[in-house]
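Hi,

Here is the structure I promised to pass on. Have a look at it first, and my notes on what turned up follow below.

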Amino acid sequence: MTKRLYFPSTESCARWMLLGASMASLLSIATSAGAQTNALHTGTKKEAIMTMKQDLAMRAKEIHWPEGFNPATADLFSHNELLINASCEKIWGHIVDARKWPQWYPNSGGVELPEGTKVLGDGTTWRWSTFGLSIESKVQEYVPHTRLGWYGYAPGTRPSFYHTWYLAPQGTSCLVITDEVGVGKDAAHLRETDESLLHRGHDLWLATLKWVSESN
């Protein structure tokens, strides 16, 4: 009997290559604190910020924070930004298409949007997993191509995290900023055990967002 050989499609190969590269990046940022670099809006590169104090000093003043989520009094905070060579509209499309996050951002999974919902919108509530935790999120701020903010919490509990995206055109490119505040005992515990984990995870998110935005 002749055996048939299976050759994966070009799309499948590309997806596995991206996943492998992303996982390698995640391993790298988990074991080599301080080795990361961030491309800033000035066009220069700077050593990655790995402490909450440094992140607070760099936080974006353009972000709108809801009551109870003031970075100055937060138990945990991270700031990340990256210049991406794509339009803010194109990048926005990848950010709001939450169902596809796991295809290019390995720190996400199990995305469940409400029935009939294709992408995130104003007031959307959905469930997903990130940093190994199953959470629920709800969109609080939604300004197409510019601002997106959502609460994060364990289902049935009060919001304990607030994640933001701010996109600013830079010529034909786009400066993407993602800041997040954590409040409460869980956020405080994370800061005590691994203060830079949130920052490193968001570095990876921006790196893979850049890859998918510039290659598609």
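Predicted model: local features only at pLDDT ≥ 70, side-chain atom pairs only at ≥ 80, totals over all residues.

On to the helices. The crossing of α3 and α6 is right-handed. Helix α3 covers residues 88-96 and helix α6 covers residues 197-215; their axes lie 10 Å apart, and the two pack at an angle of about 120 degrees. That angle makes α3 oblique to α6. On the α3 side, the contact is made by Lys 90, Ile 91, His 94 and Ile 95, which meet Leu 209, Val 212 and Ser 213 of α6. Sorted by type, the residues of this contact are four nonpolar, two polar and one charged.

Now for the cysteines. How many disulfides does a search of the whole structure find? It finds one. Cys 88 is joined to Cys 174, with the sulfurs 2.1 Å from each other. The link ties together distant parts of the chain, since Cys 88 sits in helix α3 and Cys 174 in strand β9 (residues 173-182), 86 residues apart. The link of Cys 88 and Cys 174 is right-handed, with 100 degrees about the S-S bond.

Are these two cysteines buried or exposed? The cut-off for buried is under 20% relative accessible area. Cys 88 has 4% relative accessibility, so it counts as buried. Cys 174 is buried as well, with a relative accessible area of 0%.

Cheers

Note on methods. Residues numbered from 1 in each chain as written. Heavy atoms only, no water. Axes fitted to C-alpha atoms, helices over the stretch in contact; angles between N-to-C directions. Helix = DSSP H or I, 4+ residues; strand = E, 2+ residues; numbered from the N terminus. Parallel < 35°, antiparallel > 145°, perpendicular 65-115°, else oblique. Left-handed = near helix turned anticlockwise from the far one by under 90°. Contact = heavy atoms within 4.5 Å. Nonpolar A, V, L, I, M, F, W, Y, C, P; charged D, E, K, R; others polar. Disulfide = S-S within 2.5 Å. Buried < 20%, exposed > 50% of the residue type's maximum accessible area, 1.4 Å probe, protein only.
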